[in-house]
Each structure stands twice: as structure tokens, then as C-alpha cells.
Amino acid sequence: MKTDLTDTTASKINKALVLGRRAIGTPAIGMVLTLVIVTDEENAYDALKAASDAAHEHPSRTLVVIKRVSRSLRDRTQSRLDAEVRLGADAGTGETVVLRLYGDVADHAQSVVLPLLLPDAPVVVWWPVNGPLDPAKDPLGALAQRRVTDTYACEDPIRELTARAAAYTPGDTDLSWTRITPWRSMLAAALDQVDCQVRAVEVEGEEFNPSCELLAMWLADRLGVPVERSRSDGPGLTAVRLDTDCGPIVLGRADGSLATLSIQGQPDRAVALKRRDTAELIAEELRRLDPDDTYASALRHGVERLGAPAKGEAGEGPVAVPAPVETAAKAPAKDAAQEKAPVRKAAAK
């Protein structure tokens with residue numbers, strides 16, 4: 001069921017939601033959270049499709065905020081709110097409201113979204129593209145318990161990671177971090193199988209893929225060893241090589257689907273490590289709404305502290321790790337003390 005509202009208000013949208021639920025025979029609200037998607041017209045369809053697929057696991061009220069830019073100067077001074085209310089089969093297992101903001105009202109999106117939030121339910125704000133450098137200080141981000149951005153969609157992912165580390169607030173997260181969950185699980189499981197000390201690490205992947213930097217920062221933070229970031233043609237992450245005193249441990253994925261785990265003295269094993277779509281990533285983020293301390297610790301480690309191969313020498317050996325820089329120094333003293341792992345192998349679990 002779809003209801004189009006032109007030049008409307010938040011009150012009329014709420015009334016349309018109530019009438020729509022009665023019309024389809026589900027007057028009760030069975031939603032577990034409110035998901036606010038802040039995007040543009042170009043990316044709205046893909047973001048809404050991913051949210052609808054994730055709603056099968058997490059029934060939610062989805063509010064899509066699209067800030068429209070008027071063509072003429074006169075139209076820009078005229079505020080208008082258009083809405084599209086979707087219920088029943090058109091919204092999957094939840095409710096969807098597409099909000100298009102024109103004129104001055106686009107600068108006050110929080111005043112439109114606030115009356116539409118589910119009462120006594122957590123709020124998650126997701127920026128598929130053009131996420132703010134400080135999500136917690138964004139007017140919409142201030143309404144949420146969790147704030148999800150994606151540095152992979154940024155023009156300069158490395159600069160974005162540095163800015164996010166400086167502005168991190170508990171509740172912030174990044175889909176580039178979510179993408180490496182299977183890699184972190186597999187590497188921790190591999191280290192559980194051996195009794196070795198890790199001496200150096202190399203993370204190989206696409207040049208402009210921030211997931212590679214985040215995985216490298218996590219390994220450097222947890223193991224306390226030099227980590228080199230090398231480049232490959234992809235897709236995505238292609239390999240992680242651990243240099244240990246018991247021989248090399250290599251987790252390689254050349255095709256973006258099937259990986260191979262090689263441990264010295266053991267037969268090679270094929271591991272399913274496919275690249276996941278956005279719906280799976282969002283569904284994972286919605287499973288936990290508490291602050292991700294592991295992400296915070298890895299992010300604060302700092303991209304600048306990673307080793308990098310010399311130009312034209314990708315993958316040809318470890319490079320010394322530079323001294324800590326300002327980004328890492330901004331972490332509180334108590335967090336810095338907690339981030340140091342006493343045992344390299346155990347800290348990676």
C-alpha cells in the first residue's frame with residue numbers, strides 16, 4: 001500500500017501511517033527500531049532496497065531523508081515537504097516513509113524526523129554516501145544511538161579515516177569495518193590453532209579500499225607488531241600474511257569469493273569468504289546497538305602508523321613503522337593503556 005503526500009507535515013504523515021495500518025489489518029506496531037537513511041536521489045533506491053532486505057531480520061520503521069536542491073533561486077526560498085508512505089507488501093516486514101525536503105526545510109531535517117521516530121525504540125542513522133566527518137554532531141546523528149557511515153563511498157578514504165578517528169564518539173561505526181568481520185574471525189581462529197609469536201604482518205588489497213587499512217590497524221593494535229599495507233588489483237582484500245616464529249600463516253582470496261588458509265605444517269584449506277552485499281552489512285550492524293570498542297581502538301591506532309611499501313615495490317618485504325602521530329595521541333590515556341596487549345597471540349583473539 002502506497003500513499004503519496006504533497007506539501008505535507010509530520011503530523012499528516014503520522015496520520016497516514018495509522019490509517020494505512022488499519023487498512024491492511026495490522027493496527028499494532030511491531031517494529032524494533034527506527035532506521036533513518038540520509039541520502040540523495042541517485043543512491044536512494046539502492047539504499048532503500050538494502051534496508052528492505054535487512055528488515056526481514058530486523059522489522060523497522062525506515063525513514064529515507066532526501067534533500068532536494070531546487071533549480072531556481074526563487075524555488076530555493078520556498079520550503080516544502082513531500083512524502084511517500086509505504087506499508088504492507090510495498091514495505092516488506094516494516095514501514096517505509098520517503099521524505100523529500102525542499103528549500104529551507106532541508107536544513108532542518110531533524111525537526112521533520114523527530115515526530116516520526118518510534119517511541120521507546122532505538123534509532124540508527126545511516127549515511128550511504130556523503131557521511132559527515134563528525135556523525136555525532138550532525139543534527140540527525142544526535143538523535144541516534146548508532147551512526148553508520150561508509151568510507152568506501154568517500155573520495156579520499158584515508159583522509160576520512162583520520163577525521164573519523166579524531167571525531168570518534170561511542171556509537172559511531174563504518175560499513176568498511178563491517179566488511180572485514182569474516183576476515184577478523186578467520187585470522188583469530190587461525191592463531192588459535194598454533195602456539196607461535198607473530199613478528200610482522202602484511203595486508204594486501206585494493207588501493208582505495210579503506211577495509212584494508214582498518215584490518216591492518218586492527219592487527220597492529222591487537223598484536224603490537226609492524227604491519228605493512230601493500231596494494232593489489234583486488235577485488236577488495238586479497239591476502240593477509242602473518243610472519244611467525246613457527247612459519248608463515250597466509251589467508252589469501254584472489255577471486256573475492258573463495259579463500260585459502262595456509263598454515264606451516266598443515267594442509268591448505270579452502271574457506272568461504274565471499275564479498276557481502278550492503279543488505280547483509282546493514283543487517284549485521286543492526287544486530288548490536290552498543291558501542292563497538294574494538295572498532296574504536298583500531299581506528300585510534302591511526303593510518304599513519306602503518307608501514308607502506310616503497311613506490312613500485314608492493315609486497316616486497318616489511319617496512320619500518322613510523323612513530324606515533326597526532327591521531328593516536330588524541331585517544332584518552334586510559335584507552336591507550338587498555339589497547340596494549342600483553343601477549344601478542346592472545347590479543348588477536
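Student: With a relative accessible area of 3%, is Ala54 buried or exposed?

Tutor: This is a predicted model, in which local features need pLDDT of at least 70, side-chain atom pairs count only at pLDDT 80 or more, and totals for chains, interfaces and linings use all residues. Residues are numbered from 1 along each chain as its sequence is written, and side-chain values use heavy atoms, with hydrogens and water left out. Buried means under 20% relative accessible area, exposed over 50% and partly exposed in between, with a 1.4 Å probe and protein chains only. Because its relative accessible area is 3%, Ala54 is buried.

Student: Leaving aside neighbours within four places in sequence, which residues is Ala54 in contact with?

Tutor: Ala54 lies in helix 2; helices (H or I, at least four residues) and strands (E, at least two) are DSSP runs, numbered from the N terminus. Contact means heavy atoms within 4.5 Å. With neighbours within four places set aside, the partners of Ala54 are Ala279, Ile282 and Ala283.

Student: How far apart in space are Ala54 and Leu286, C-alpha to C-alpha?

Tutor: In sequence, 232 residues separate Ala54 from Leu286. In space, the distance between their C-alpha atoms is 8.6 Å.

Student: At roughly what angle do the axes of helix 2 and helix 9 cross?

Tutor: Ala50, Asp53 and Ala54 of helix 2 meet Thr278, Ala279, Ile282 and Ala283 of helix 9. Axes are lines fitted to C-alpha atoms, for helices over the stretch in contact, and angles run from 0 to 180 degrees between N-to-C directions. The axes of helix 2 (residues 41–54) and helix 9 (residues 278–287) come within 8 Å, and the crossing angle is roughly 55 degrees.

Student: What is the handedness of the crossing of helix 2 and helix 9?

Tutor: Angles under 35 degrees count as roughly parallel, over 145 as roughly antiparallel, 65 to 115 as roughly perpendicular and the rest as oblique. Helix 2 and helix 9 are therefore oblique to each other. A crossing is left-handed if the near helix is turned anticlockwise from the far one by less than a right angle, and right-handed if clockwise. For helix 2 and helix 9 the crossing is right-handed.

Student: At what angle do helix 5 and helix 8 pack?

Tutor: The contact joins Pro157, Ile158 and Leu161 of helix 5 to Pro210, Glu213, Leu214 and Met217 of helix 8. Helix 5 passes helix 8 in a right-handed crossing. Their axes are 9 Å apart, and the packing angle is about 45 degrees.

Student: At roughly what angle do the axes of helix 8 and helix 10 cross?

Tutor: The axes of these two helices, helix 8 and helix 10, come within 8 Å of each other. The crossing angle of helix 8 and helix 10 is roughly 95 degrees.

Student: How many of the residues of helix 10 are buried?

Tutor: Among the buried residues of helix 10 are Tyr295, Ala298 and Leu299. Just after this helix, Gly302 takes a positive phi of about 95 degrees. Helix 10 is mostly covered, and its buried residues number 7 of 9.

Student: Is Asn130 buried or exposed?

Tutor: Asn130 is found in the loop between strand 6 (123–126) and strand 7 (146–149). Its phi is near 55 degrees, a positive value in a residue other than glycine. Because its relative accessible area is 64%, Asn130 is exposed.
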